[in-house]
Structures are given as structure tokens and as C-alpha cells.
Amino acid sequence: MEKKPYHHGDLRNKLIERGIEMLSEEGAQDFSLRKLAAKCGVSHTAPYSHFESVDKLRQAMGEHVAHQFMEKLRGSVQHAEDSTAAVTSLGKAYISFFSENPLYFQFLFYHSGLSIDFDEKTQSDYQPFTFFKETAYRMFDALGLPKEDYLNNLIALWSMVHGIASLLTNKGVRYSGDWSEVLSNNTIFARRKEF
């Protein structure tokens, strides 16, 4: 197959996407800008016009995924009737995002250096998780849950959607149904008032 030339601006995104693919499938051990350039069919110096180091590339990859993830999550709650509907929509969007982009899951949670802190005294620096937490806490407040139960319920909700995303992105797990239906039919989401 004949290689197509890159147009101005295309190479940066190609390097990011191919880098995510490489890290997710091959791991970080031998990851380098030189190998990435070879995978993209460009000279070994071409990536340096966009990224001064592998660390800068990884940072850009994390920002690229987080930006798309946040767009999906924000869009999912725009027309939610109330906070309980927002949490269900958010959970489905979480699952849908990784169903559509399974390599993003592997990259984010195994190769990006992402840190999620459940400690109430610190603010997580990962915006999608913070958004999930704030949406869940609004629901807990609307349901009248005691504040001391918020964290445990957040962990249960996040574990469910994250766990489903982990399963659907795992090549060794087979399921012919709709993963988002697993969420919809689960008692935590289907009977939110029983928290």
C-alpha cells in the first residue's frame, strides 16, 4: 500500500493516536519516539517537531484522551432531567466512550501515569473523575443520603462503570450483549433511591 503524505497538522495527531496504540498493545518497555516514527512511516526526527521528548508525547496523549472523554461525559448530562438521570447517563457515557475507544482505556489506566485520589482532603487532578464525583455527589444530596456515606457510594458507582469498561476492553472477556444494558439493569442504577 502506498503511503500518503501527511498534511500540515496531521502528524501530531497521528503520533498521539499511534503512540496510544503502541503503548496499549506493546507496553512501555521499548517505547520511543524513533520507534513511533517508524510506525508512522516518517523520519526518526519528524516527531521532534511536535514533541521534545517521550514524556511530552505521553503528556499530550493523556490530554488528548482526557479532552475527548470530558466532551463525552459533559454531553451525556446536558439534557438530564435530574441528578439521578445524570448519573445514569454519565455511567452509560463512560462505558460507551471506552467501548468506542478500547485502547484509550489501556493507555489511561496502565501507561499514562494517571492518578485518582479518593481521599476527601485532596482534589483529584483528573478532570473526568472529578466530574463523575461531583455529579454523583449531587445525586446523593438529592436523595438525602448522609454525607458520611457519600464516599463509599461513589466508590461503588465508579467501580461499577470502571469495572464494566475494564471488562469490555479486555480481549479475553467475551460478551455478546450490550454492556450499557448491564449498567441500566443493575440494582444500584435501576433502584437509585435504595442507597
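**Packing, cavity and pocket**

Guide: The buried residues of α5 pack against α1 (10-26), α3, α4 (83-100) and α7. This is a predicted model: local features need pLDDT of at least 70, side-chain atom pairs count only at pLDDT 80 or more, and totals for chains, interfaces and linings use all residues. Residues are numbered from 1 along each chain as its sequence is written, and side-chain values use heavy atoms, with hydrogens and water left out.

Visitor: Which residues of helix α5 are buried?

Guide: Helix α5 covers residues 102-110. Helices are DSSP runs (H or I, at least four residues), numbered from the N terminus. Buried means under 20% relative accessible area with a 1.4 Å probe, protein chains only. The residues are Tyr104, Phe105, Phe107 and Leu108.

Visitor: Is Thr169 buried or exposed?

Guide: Thr169 sits in the loop between α7 (150-168) and α8 (179-185). Its relative accessibility is 8%, so Thr169 counts as buried.

Visitor: Which side chain makes a polar contact with that of Thr169?

Guide: Leaving aside neighbours within four places in sequence, Thr169 is in contact (heavy atoms within 4.5 Å) with Phe98, Pro102, Phe105 and Gln106. A polar contact is a pair of N or O atoms within 3.5 Å; within protein, one must be able to donate a hydrogen and the other to accept it, and residues adjacent in sequence count only if both atoms are side-chain atoms. At 3.4 Å, the side-chain partner of Thr169 is Gln106.

Visitor: Which helix gives the most to the lining of the largest cavity?

Guide: A cavity is a set of points on a 1 Å grid over the protein atoms alone where a 1.4 Å probe fits but cannot get out; lining residues have an atom within 4 Å of a point. The lining includes Phe69, Tyr94 and Trp158, and its residues divide into nine nonpolar, no polar and no charged. Three residues come from the top contributor, helix α6 (residues 127-143).

Visitor: Which element gives the largest share of the lining of the largest pocket?

Guide: A pocket is an open set of grid points with protein on both sides within 12 Å along at least five of seven lines. This one is lined by 17 residues, with Gly62, Glu63, Ala66, Leu114 and Tyr126 nearest its centre. The elements giving two or more residues are α3 (54-77) and α6. The largest share, eight residues, comes from α3.

Visitor: How many charged residues are in the lining of the largest pocket?

Guide: Asp, Glu, Lys and Arg count as charged. Beside six nonpolar and seven polar residues, the charged ones number four.

Terms used. Buried < 20%, exposed > 50% of the residue type's maximum accessible area, 1.4 Å probe, protein only.
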